Amino acid sequence: MRLSRYFLPVLKENPAEAQIVSHRYMLRAGMIKQQAAGIYSWLPLGFRVLKRIEEIVHEEQIRAGHIPLLMPTLQPADLWRESGRYEDYGEEMLRITDRHKRDLLYGPTNEEMITDIFRAHIGSYKDLPLTLYHVQWKFRDEIRPRFGVMRGREFYMKDGYNFDLTKEDALHAYNRHLVSYLRTYERMGLQAIPMRADSGPIGGDDTHEFLVLADTGESEVFYDSKVTDIHLGSREIDYDSHEECRSVMEEFTALYARTDETHDEARFNERVPAERQRRARGIEVGQIFYFGTKYSEPMGATVVNDKGERAPVHMGSHGIGVSRLAGAIIEASHDDKGIIWPEGVTPFHCGIVNLKQGDAATDGACGEIYGALTAKGLEPLYDDRDERAGAKFATMDMIGLPWRITVGPRGLASGKVELTSRRTGESEEMTPEAAVARIEEIYAGA
């Protein structure tokens, strides 16, 4: 993509309405535009990030054996009346009446609809276990939408639902989701700590939230500092193994880590040495629930078990805030110049800056680098605008591409270009061919 042909409405000044870093930088980098309170258009750069995040989510869900589908944004109110949640959910639910006076709602979550799909097609224990998920827009009518995409009314979310014959199998699904979520967040360059949480309107006894530590987080969290030393890394986990998934669950949840809703000060002081006690803020980026037969019993989602008896299935739901993650990553990875994207979610793999647009040598070298990267399946953003060098560097710093190749007449005279890391600021001179090879090597392991 050449920047002269791209739609990238970068702002020079901080928008007055933006209170936190991610909101400011998403507006300034031309990622989003507010259309109404808590409702945003995702402009081309932001849309690319959103799709990168979604792609990682899909890959890790499918890797764990979960099956994607797509459910609609509008749901019939009668399904929610069956479960008993239609009146209980509160004013966050956007209720709609169509021209035939039928009650609908803009879905804030999909437990009822997925249960309806299950009961229409599954009748035997032999079809279990089953986990279905989708990535879809949701709506919750927040009384005070703020902080950009971090607390919006319309948001993009992955929500998945497991159906199992027994509680033991359903808890394995819970553990399996925890493992897959840990891997998902680490691929995005985040450490998301699973913390014991409150189930809220979803219901159920077992639930963990995944929180990214950040000063702007909406939740107060209490934790043992040793939890930040635990990483899943590149280890391979057999998702069919109850023991392996349970082992990871125990490893990541054995130490004290809770949100303010479930925090127990006495237990915190008893279990955590004073030197390791931490109080901080956290951004919720996902949550997993086990709620047993809360929905299957009232909605008649049963299967015939191995004894020939009908039994309600055990269920859980599992969500990742895809659009919220875009903001959370910025909160965790930025400096005073702009965003610093981790390689896993960057909208473009690297930037190419031409320091003397119109010069035959620099134009030719940039074109060759652009072509070489593209031929290797990489997506560079080539700043070919007739702008001064400072403006080009400022744009690249603001939009946060992790690597930049700078091409100028002086370096080319000795056959060199400059490769710069956005995260460290360190630069290295090398041949154009070596720069292309380095970028290819970096993303081969990303």
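**Pocket lining, sheet pairing and aromatic contacts**

The second largest pocket has a volume of about 360 Å³ in this predicted model. Its lining comprises 15 residues, and V10, K12, R385, A391 and T395 are those nearest the pocket centre. Helix 11, spanning residues 389–399, makes the greatest contribution to the lining of this pocket, supplying 5 residues. Classified by type, the lining of the second largest pocket consists of 8 nonpolar, 5 charged and 2 polar residues.

An open sheet is formed by 3 strands in the order 4-6-5, with antiparallel pairing. Strand 4 (74–76) and strand 5 (94–97) are the edge strands, each pairing on one side only. From one strand to the next, the twist averages 35 degrees. The antiparallel pairing of strand 4 with strand 6 (residues 103–106) extends over 3 bridges, and L74 is positioned opposite Y106 in strand 6.

Across the whole structure, 12 aromatic pairs were found. One of these pairs, F118 and F163, is stacked, because the ring centres are 4.3 Å apart and the planes lie at 5 degrees. The pair links distant parts of the chain, with F118 in helix 4 (residues 111–121) and F163 in strand 8 (residues 154–164), 45 residues apart. F118 and F163 are both buried. The rings of W137 and Y156, by contrast, have centres 4.6 Å apart and planes at 35 degrees, so this pair is tilted. W137 belongs to strand 7 (residues 130–139) and Y156 to strand 8, so the pair ties together parts that are 19 residues apart in sequence. W137 counts as partly exposed at 25% relative accessibility, whereas Y156, at 8%, counts as buried. Ring pairs additionally link Y181, Y185 and F210 into a cluster.

Note on methods
Residues are numbered from 1 along each chain as its sequence is written. This is a predicted model: local features need pLDDT of at least 70, side-chain atom pairs count only at pLDDT 80 or more; totals for chains, interfaces and linings use all residues. Side-chain values use heavy atoms; hydrogens and water are left out. On a 1 Å grid over the protein atoms alone, a cavity is a set of points where a 1.4 Å probe fits but cannot get out, and a pocket is an open set with protein on both sides within 12 Å along at least five of seven lines; lining residues have an atom within 4 Å of a point. Grid points are joined across faces, edges and corners, and a volume is the space filled by probe spheres set on the points. Helices (H or I, at least four residues) and strands (E, at least two) are DSSP runs, numbered from the N terminus. Ala, Val, Leu, Ile, Met, Phe, Trp, Tyr, Cys and Pro count as nonpolar, Asp, Glu, Lys and Arg as charged, and the others, Gly among them, as polar. Two strands pair if DSSP finds at least two bridges between them. Axes are lines fitted to C-alpha atoms, for helices over the stretch in contact, and angles run from 0 to 180 degrees between N-to-C directions. Rings of Phe, Tyr and Trp (its six-membered ring) pair if their centres lie within 6.5 Å; planes under 30 degrees apart count as stacked, over 60 as edge-to-face and the rest as tilted. Buried means under 20% relative accessible area, exposed over 50%, partly exposed in between (1.4 Å probe, protein chains only).
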